[in-house]
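Visitor: Hello! Could you walk me through this structure, one question at a time?

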Number of protein chains: 2
Amino acid sequence: MARKASLSGFPEWLPQERAIEQHVLDTLRKTFELHGFGNIETRAVETVGHLLRKGEIDKEVYGLSRLAAEETAKSDPNALALHFDLTVPFARYVVENAGHLAFPFRRYQMQKVWRGERPQDGRFREFMQADIDVVGEGTLPFRYDVELALVIVEALSALPIGDFMLRVNNRKLAEGFYLGLGLEDPAGVLRSIDKLEKIGAEKVAELLRTELGATDAQAEAALALASIRTLDDSFVGQVRALGVSHPLLEEGLEELAEVVRTAVRRAPGKVIADLSIARGLDYYTGTVYETVLVGHESLGSICSGGRYESLASKGNKNYPGVGLSIGVTRLVSRMLAEASVTASRSVPSAVLVALANDEGWHDAQDVAAALRSRGICVEVAAAAEKFGKQIKFADRRGIPFVWFIGEDGSHEVKDIRSGEQSSADPASWMPPAQDLHVGIVSA
Amino acid sequence: MARKASLSGFPEWLPQERAIEQHVLDTLRKTFELHGFGNIETRAVETVGHLLRKGEIDKEVYGLSRLAAEETAKSDPNALALHFDLTVPFARYVVENAGHLAFPFRRYQMQKVWRGERPQDGRFREFMQADIDVVGEGTLPFRYDVELALVIVEALSALPIGDFMLRVNNRKLAEGFYLGLGLEDPAGVLRSIDKLEKIGAEKVAELLRTELGATDAQAEAALALASIRTLDDSFVGQVRALGVSHPLLEEGLEELAEVVRTAVRRAPGKVIADLSIARGLDYYTGTVYETVLVGHESLGSICSGGRYESLASKGNKNYPGVGLSIGVTRLVSRMLAEASVTASRSVPSAVLVALANDEGWHDAQDVAAALRSRGICVEVAAAAEKFGKQIKFADRRGIPFVWFIGEDGSHEVKDIRSGEQSSADPASWMPPAQDLHVGIVSA
């Protein structure tokens, strides 16, 4: 992001920057599909009534109205507005199409979302999210909580983003612990703990005492729980050592231990039990996930999610789910800002077929067609300018090869980086593998 | 589109329908990139001032306002609104980023656009467009008009949409002819001719006489021109036989003849000179294109565009361009409505690894990882239910293969369509090529 967006909060990329974003999206898609997740897209708009059914976030929503229409009252629940995430539209989609879906339903979804909030580093008004979820009808085995952690580790590991850490906690564990402690508003405690990174332990303790009626000992215990972080299941012993017991706590300990034990075996060093993770939103009911880029902790979580016992419900049907959402724009904007990754050229073309004279255009197109049939991206010069000018045309775009057709029908191809030129057969020539497609190179 | 969209004009696809749309988008992307077009995306919103700078279409624009904000006057040119096509945002993008782009700049863009118009068959309020354009700085050789016709024929030929015909005309030809005839408002004549398919020749003649001051003979000649359709350059002789001459007409004849002659050689039978094509919008200045699906003419054009001498300008810089836009949603909705194309399964997975018992989950994940490393999409059963139930799970999704791990560590794979079961090695087994990915099958 060397350049400033012309509309604050609405980033746009240059072609070579977009190539990096495309690489990220292609890589995610590939990993998700390898794990059996199918793609869907939902419409960009929802009714205001559906978007705001959980309350709280109306400040951020962009309402829609036809410029030529009569004024619609913004409070009209049937008015349209842009979605602010992919979970709320997905919940509607599942209910509307339940009869046509096979449950547990695995889907990924990569679309832009909009939030009218104040833009700042890593926060945008329009941004791309990539979500995966598994949704059951009635029930959904806990094993999917484990599987999704592994899928997301595999997906993020395939990206050129450097080291990351998936931090996992469990709402049952935390809420059970607070209940076992005798705190009566576990959700309120969780919301206070969620502020830990922002305001520090002392202020959280004060909140717990003043707003949630905690004693000094209770506040201390809640903070002690939140300080536990282990790369294996040794957190279980550390929690037990705090001397609190509650059936919900037991359930949460068992679930989180299963996630971490599996990760130790299948994704070592990438998953940590972090008992400070709370996730502000209320609908999570079990596992919660956050992800930090190591060395970029200030960026916030680049991938978050969790288990919700009710993504949606209709009549007596309930749809539990577990899922994660990757903040693609946040990730890509950081990669661009740091120039940690670059694209090897600004166009797909590996070859420019030069023109010796204007009549040679058809022959040049024949060469291009022959090369394209083997998956090589090719442009043909539009005019028979001096060869130096045609080579410069390629050079400015980073096109590595220029193809020349001699008057005698001979063919030569020049690597304009090395200057090396050799004869070539349009029916068989291939560029080196690393030049075939735009390369995404870590700095 | 067996199902009705829950919000009129905002279609959403089931996973197996989205697979068809993805196939269309992937195929277009591949063709465009093979021809050296790079991808960009622009933000979904523009300022109202930019969107309406050409006037006329304000009825269709969706304005945006934050639900929590003070009321913004809709007429405020700085207010935000959703783009209604990809050309207007692209024009802004080119001007804003001109210093970072290499001209002639080739790009493709595949994004949703929004229009608040009344939904009807083939017309939506939210729909996907796929655009390609080449834009020059100052000048742009005519040859790109020829090239773009060939690229689009190649792209559409690669789609499972059946026979189509690219209808090409040239604004200079038509306007020069009208000027040569002595008609003083060639743009007005063009707008009347544009109504030919809708209201018929008689009514167009009446419009020409009453609204454009044409004599009977002039109206007749204009209609005679619009009746010319040839698959080769014989239209030139037919136009000349009408006895009109004008320098602009000559220029247009020469340009259109070059497009058609090249098409005869490189895309035979796919391009027709059709002198009735007018394209309502005013900014085209030379070549104009429309595309009909043979047998689906009532659907309207599925791909249109043309040459514009000024896509954008800033100071003394002018950016001419030529491009086309494919109506992807219109195309896909017709494919779905006709069931002319189906997806072979509703999920990416080619294999389900079954569980004999819950402890086998890790072994099953090992098998899945081995298969995925060769690009095979795999799911692992979440619970060790009866094999019959696990096979049914695969069957409901169209997953063709179920993998079994014996207690002795042996491996067998069953094609659940044929019932055939044989031993298999996770390190080397491959499904038949047609089962590797979701197949898109023409009915």
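**A buried aspartate and a helix**

Guide: With 2% relative accessibility, B:D274 counts as buried (buried is under 20% relative accessible area, exposed over 50%, partly exposed in between, with a 1.4 Å probe and protein chains only). This is a predicted model, where local features need pLDDT of at least 70, side-chain atom pairs count only at pLDDT 80 or more, and totals for chains, interfaces and linings use all residues. Residues are numbered from 1 along each chain as its sequence is written, chains are lettered from A and ligands numbered from 1 in the order written, and side-chain values use heavy atoms, leaving out hydrogens and water.

Visitor: Which side chains make polar contacts with the side chain of B:D274?

Guide: A polar contact is a pair of N or O atoms within 3.5 Å; within protein, one must be able to donate a hydrogen and the other to accept it, and residues adjacent in sequence count only if both atoms are side-chain atoms. One such contact, of 2.9 Å, is with B:R167. Another, of 2.6 Å, is with B:S276.

Visitor: Why is helix α5 of chain A largely enclosed by the rest of the structure?

Guide: Helices (H or I, at least four residues) and strands (E, at least two) are DSSP runs, numbered from the N terminus. Helix α5 covers residues 171–181 of chain A, and it is largely enclosed because the buried ones number eight of the eleven.
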